[in-house]
Amino acid sequence: MATSIEEALQIIYKHTAPKSLKIVPIENALGYVLAEDITATHNLPPFDNSAMDGYAIKADDAQMSLKVKHTIFAGDNSGEELESGFAIKIMTGAKIPIGCDSVVPIERVQNFDNAITIMDKVKKGSNIRLYAEDIKSGSTLLNKGEKIFAHHVTLLASQGISHIKVYKKPKVAIFASGNELKMHFESVDAHQLYNTNSPTFFARAKELGCDVDFIGTAKDSLENIHKHIQSALDSDLIITSGGVSVGDADFTKEAFGAFGYEIYFDKVDIKPGKPTTFGKCKETLVLNLPGNPLAAALNFEIFAQTIILALKGDAAKYIAPLETKMANDYAIKNGKIAVIPGFFDGASFKAHEKFSPGMIMPLALCNAFIIVDEKCQMLKKDSSIKIISTRFSFNSKEQKELLNRCRI
């Protein structure tokens, strides 16, 4: 009996644990997942400072002629106290002098020799960035399980943090099997095909932040597949395509059996991609995907992406669908849970007009897909749907419903 998508994902979560840890400099931390909470060590700003170039004044002195004493630049450690009837020219980021309660922008001031006149009323506190208003020392900046993005590096640098503890990137090994397959750098005969799955998996695993090894293309024999498996067993995850159905040349699952393959599920209730298989050889996870390119790529998005997010230690390890609407009416041949590729333009989703499990062009033209249950016969224009992007990763710390469920 085939495993449901929800059950398959739960099995993956149960059997997939984060990688071990390492320490990296923040300049190299992009894409890693934090293995510790980060706490602020400094207040930011560390002192009251000017939000713009202007004049430091007392608000009650507005609309008066004020003598300008001198200029305070960013980085100056001035301990001077501002007196009533005076103003101090001040630059952005400079420390606010004692006695100042407002900063007036240069463009709101009239200059007369060594004095200025402010024609408008001034609100106390104007254009002053207050001590610790951004970050308070001791507060939590980032939590364990958060993926590091560029602006997180900004935050870390602001605290003088040079190195952080992260989970190691998953090591993924990829190979395909099939006598008919050749690599794109080889010549093909009329009866052969290029292996498109392995380069696709390689690129996508890289996009998801993995260290990836391409093991090669195996022939349809136990001996040859054994050699490829042996070369991949030092990885955290092996992803294969082809040889997992019930044909006479489908040896992949049998070949893994010689290495103690413990299968957690070997059929998923999904079209296309039913023979998707997940298990473990000793400490290495294994995902066997079907050979048809469209089926393999879409099932990679659901199952391989889930495994990788869990291996990375990402707290947001659940795929998060986007809510949108159908661009047009779309009829569905019901009876099975189906994966339908299409294009999301930011406002609505349009299913691709023609696709089948063995096609390649829809992968390039589409940027998302939907999963519909077996009861769906029609998705009406403007009806609300959930889509999963193939170009961007939208993840959640809470598990979300992925299927679009219809009632007859």
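In which sense do strand E20 (residues 277-281) and strand E21 (residues 284-289) pair, and over how many bridges? In this predicted model, the two strands pair in the antiparallel sense, over five bridges.

E20 and E21 belong to an open sheet of six strands, with the order E17-E14-E18-E21-E20-E19 and mixed pairing. At the edges are strand E17 (211-218) and strand E19 (261-265), each of which pairs on one side only. On average, neighbouring strands of this sheet are turned by 20° against each other, direction ignored.

Helix H6 (residues 293-311) lies across E20, E21 and strand E18 (237-241), and runs at about 170° to E21.

Another place to look is the loop between strand E12 (140-142) and helix H2 (150-158), where Glu 146 lies. Leaving aside residues up to four places away in sequence, Glu 146 touches Tyr 32, Val 33, Leu 34 and His 152. Is Glu 146 buried or exposed? Glu 146 is buried, yet has no salt bridge. A salt bridge needs a side-chain nitrogen of Lys or Arg within 4 Å of a carboxyl oxygen of Asp or Glu, whereas the nearest side chain of opposite charge, Lys 397, is 5.2 Å away from Glu 146. A polar atom of the Glu 146 side chain does lie 2.8 Å from the backbone nitrogen of Asn 143.

Definitions and conventions. Residues are numbered from 1 along each chain as its sequence is written. This is a predicted model: local features need pLDDT of at least 70, side-chain atom pairs count only at pLDDT 80 or more; totals for chains, interfaces and linings use all residues. Side-chain values use heavy atoms; hydrogens and water are left out. Helices (H or I, at least four residues) and strands (E, at least two) are DSSP runs, numbered from the N terminus. Buried means under 20% relative accessible area, exposed over 50%, partly exposed in between (1.4 Å probe, protein chains only). Lys and Arg count as positive and Asp and Glu as negative; His and the chain ends are not counted. A polar contact is a pair of N or O atoms within 3.5 Å; within protein, one must be able to donate a hydrogen and the other to accept it, and residues adjacent in sequence count only if both atoms are side-chain atoms. Contact means heavy atoms within 4.5 Å. Two strands pair if DSSP finds at least two bridges between them. Axes are lines fitted to C-alpha atoms, for helices over the stretch in contact, and angles run from 0 to 180 degrees between N-to-C directions.
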